[in-house]
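Please walk me through this structure. Start with a helix, then turn to the aromatic rings.

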Amino acid sequence: MRPAPDFTLPDQNGADHSLHDYRGKWVVVYFYPKDDTPGCTKQACSFRDGREELERHNVTVLGISADTVAKHKKFAENHNLKFTLLSDPDKKVIQAFGAWGPKKFMGREFLGIHRNTYIVDPEGIIVKEYHDVKPQDQAIKILKDIQEIQHV
C-alpha cells in the first residue's frame, strides 16, 4: 500500500478534477490506452454498466488516458458513459501511477499506457492494484474486491 499520487486533470467537459477532492470516498482510477478502440470501449462499458452498484458502495470511477478532452467527450457521448474521463496528454499522472512503460504488440516493442487499475481508499491510499487487466467485466471484479476490503 502506498499513497496515491495527487493530480489535477480536466474531464471530458473541461472541468478540473483533483484526486484530493475525493477524500472520504473510494476511488477507482483506471488507465487505458485510447478512446474508441475495442478493448478500451469494452472496459469503459464495463464501468458504465457497473457504475450504479459501485456508487452504492461509495465508489467513484475515474478513467484516465492521454487522449484530449474533445476525444473523451465524444467517447463518453458515443457510449453513454456517465463517469469521469480525465485527459493526461503529458502522461505525468500515467507515469506517476506506474501505468506507462514498454509494451509488445505483434512482435513490436514500444512505450505505451498499460491497462492498470487502482483502488484508492477514502484516505488516499492505494489498497489494490491491477496490472494489464482484461477489459471485460472489470467492474464486477473490482466491486467484489471492494466489498471484501470494506467487509460488506
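In helix H2, residues 69–79, four side chains to find are His 72, Phe 75, Ala 76 and His 79, which are buried. They lie on the same side of H2, because they span an arc of only 95 degrees around the axis. An α-helix has 3.6 residues a turn, so residues three or four places apart point the same way.

This model is predicted. The face away from its buried side carries Ala 70, Lys 74 and Glu 77, which are exposed.

What do the buried residues of H2 pack against? Their partners are helix H1 (38–56), strand E5 (59–65) and strand E6 (84–87). After H2 comes Asn 80. The phi of Asn 80 is positive, near 55 degrees.

Next, the aromatic rings. Ring centres within 6.5 Å make a pair. By this rule there are nine aromatic pairs. Take Phe 31 and Tyr 118. Their ring centres are 5.9 Å apart and their planes stand at 80 degrees, so the pair is edge-to-face; the cut-off for that label is over 60 degrees. The pair links distant parts of the chain. Phe 31 sits in strand E4 (residues 26–31), Tyr 118 in strand E9 (residues 117–120), and the two are 87 residues apart.

Finally, look for a group of rings. Tyr 30, Tyr 32, Phe 47, Phe 75 and Phe 83 form one aromatic cluster. Phe 75 is also one of the buried residues of H2.

Conventions. Residues numbered from 1 in each chain as written. Predicted model: local features only at pLDDT ≥ 70, side-chain atom pairs only at ≥ 80, totals over all residues. Heavy atoms only, no water. Buried < 20%, exposed > 50% of the residue type's maximum accessible area, 1.4 Å probe, protein only. Arc of directions from axis to C-beta. Contact = heavy atoms within 4.5 Å. Phe/Tyr/Trp six-rings, centres within 6.5 Å; stacked < 30°, edge-to-face > 60°.
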